[in-house]
Amino acid sequence: MRRLIRVFVVIVLALLVLFLAAATLAAIFIKPNEYKPQIEAAVLEATGKKLNLNGDISLSLFPTLRLEAEGAELHDDAEYGMEPFLAVKRVKASVGIIPLLGGKTVISELLLQEPSLKLAVNQKGIPNWRPAAGQTPNTTGGNPADAPEAGVTTTSLAPGAAEQEKLPLETLHIESLRLENARVSYHDFGSGDMFTVRLHEATLDSLAPGQKTSLGIKGTVNGKDAQRTADFALNISCTLPSAVGQDIPFALSGSLDTDSLKGEGILNPPALGGERPFVLHGKFSAARLDLDRYIPQDSGQSGSGGSTQGPPPVLSRAEKREAENLSRAKARSFSRIVGGLNLDITLTAETLIVKSLPLEAVNAAIRAEGGDIQASLTVGKAAQGAFDGKAMIKAEGENVDIAATGSLENVKLEEILRALTGKAAISGDLALSWDVTGNGVDWALLAPSLKGKAALALTGGSMPGFELIPPGVQGIPARRMDITIQRFSSSWDIADGIAASKDLLLQSPGISATGGGRLLLPEQRVEYSVNISVPALPVIPARITGPFAAPSYAVDTAGLLRNAATGILNAPGQAGQSIGNVGQGIGRELDRGVRGILGR
């Protein structure tokens, strides 16, 4: 027995000596920097992206396997901008040798200094994190000629992705992970949308398959306006699965600025270059969210639909064709992104601030799979009223079909106008409903395709200083009056982007009006004709025309004089009343004209 033990000890010592000798020789003779070209070529073949190893690579094998690298950058094509897809200033990793010999990877330390990840979508709508159809990288080492033809859509996983799906994680254990000054950015070169997330601190507890771990992060997020930042702090607990492709259950708590957040659900991110969708199912809640702090203000660009800087400019044929091409690129980008999403998310918030307007008792839900999206939003209290809306989207390539229904009930119009325009020249209880469909992701394509119905009713309001007869009408004095609204209503039939109405009605003590006209949605213009009736006065015909943001009100002078003359002829007893006295019964308060009322 002693002889056997002695032999065993000798064998162990011999193996240890051989291992130490091998580690020493490897440290002397293995020069990792000499293998940079091979490493860069392998990464290019596997990902289709060019790797630059600008700094030194150092490797040591005893007492632990230690790897350090500096200045690594993984680049995109120029159409995604000059910033690299992935970059890191310094990587430091330590791997246990003894566990490695037993088939287990124990990373005692993993440090990433100033890592950055850029997610981008080019002008053609192709994201840089997923190859274009038929453009999957050659990861099998085979002949590139064996790859799918360009333009052929592939629904299977990219080459090599199947192996990634089966990659076992049971043998992976990370004892410490730190990110220092990490950065994630997003830029859509078609739409111009962008935002940046900076992680000032990120620490991860011991990470092992089947075990619960926690991730603590602190950082800031901002959009186009770098001055509008929001601070966040989150603590996320999750369980690492045993294989790539399995669901990751999570729970989070934290804050966005001073607003608390909570959530729970499952996450399943796709492998880089693979076709598996991004899966996120969860429930989130917040006491209060102020979106005005996180969403850039409307820049007033054409197509926003809410610009205060007038209608879209008149484009030449070439400019219109370029705008349409850009719109199609946005649609393709949108389809690619949402086609890779599998979402089932609900959000509840006690208070949500939008355009300085508090929305209370907010419930939102979104479900998306394979390019089909269903979204709903209900608000228990919005401008003292209620909101209920639903939207359905089906996106495939350049075709993005949209259907939306909704209603506002008993909303204070003056609060809505003040939030949107900063002033409120008309007040009342607003009821609004819509049921419309269209095709497109921006106003340029969506507006001309809109069709459906909409209706509006306003009660219990007022329009102070209404300019009934503007200055300059020969023989008729200019007059304004304060109008108390008993009811103002109109309904529209919408087709090819034109909302037509024949039933405009205004009922008010001392004044009424009827009429109709069109809202030209693509041009963002209004064309309306109205007839205003005031006791003891002829019917006043008027036109409301011009851009939504600054419409013009004009009296049809010839029609007004004709109506006045007709009234005199039909009422001889009043023939002595001169046309110059028309309008004497109108109120004398002159507060402001219709330009202020209509938002100029």
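A search of the whole structure, a predicted model, finds 3 aromatic pairs (rings of Phe, Tyr and Trp, the last by its six-membered ring, with centres within 6.5 Å; planes under 30 degrees apart count as stacked, over 60 as edge-to-face and the rest as tilted). Among them is the stacked pair of Y186 and F195, with 5.6 Å centre to centre and 25° between the planes. Y186 is buried at a relative accessible area of 17%, whereas F195 is partly exposed at 39% (buried, under 20% relative accessible area; exposed, over 50%; partly exposed, in between; 1.4 Å probe, protein chains only).

F250 and F284 also form a stacked pair, at 6.4 Å centre to centre and 25° between the planes. F250 belongs to strand β12 (residues 248–256) and F284 to strand β14 (residues 278–290), so the pair ties together parts 34 residues apart in sequence. Strands (E, at least two residues) and helices (H or I, at least four) are DSSP runs numbered from the N terminus. F250 is buried, with 13% relative accessibility, and F284 is partly exposed, with 22%.

K49 lies over the face of F85, 4.6 Å from the ring centre; the criterion is NZ of Lys or CZ of Arg within 6 Å of the ring centre and within 35 degrees of the ring normal.

Helix α5 (residues 317–339) has 23 residues and spans 32 Å from first to last C-alpha, close to the expected 33 Å, which is 1.5 Å times one less than the number of residues. Its buried residues are S327, A329, A331, S333, S335 and V338.

Residues are numbered from 1 along each chain as its sequence is written. Local features need pLDDT of at least 70 and side-chain atom pairs pLDDT 80 or more, while totals for chains, interfaces and linings use all residues, and side-chain values use heavy atoms, without hydrogens and water.
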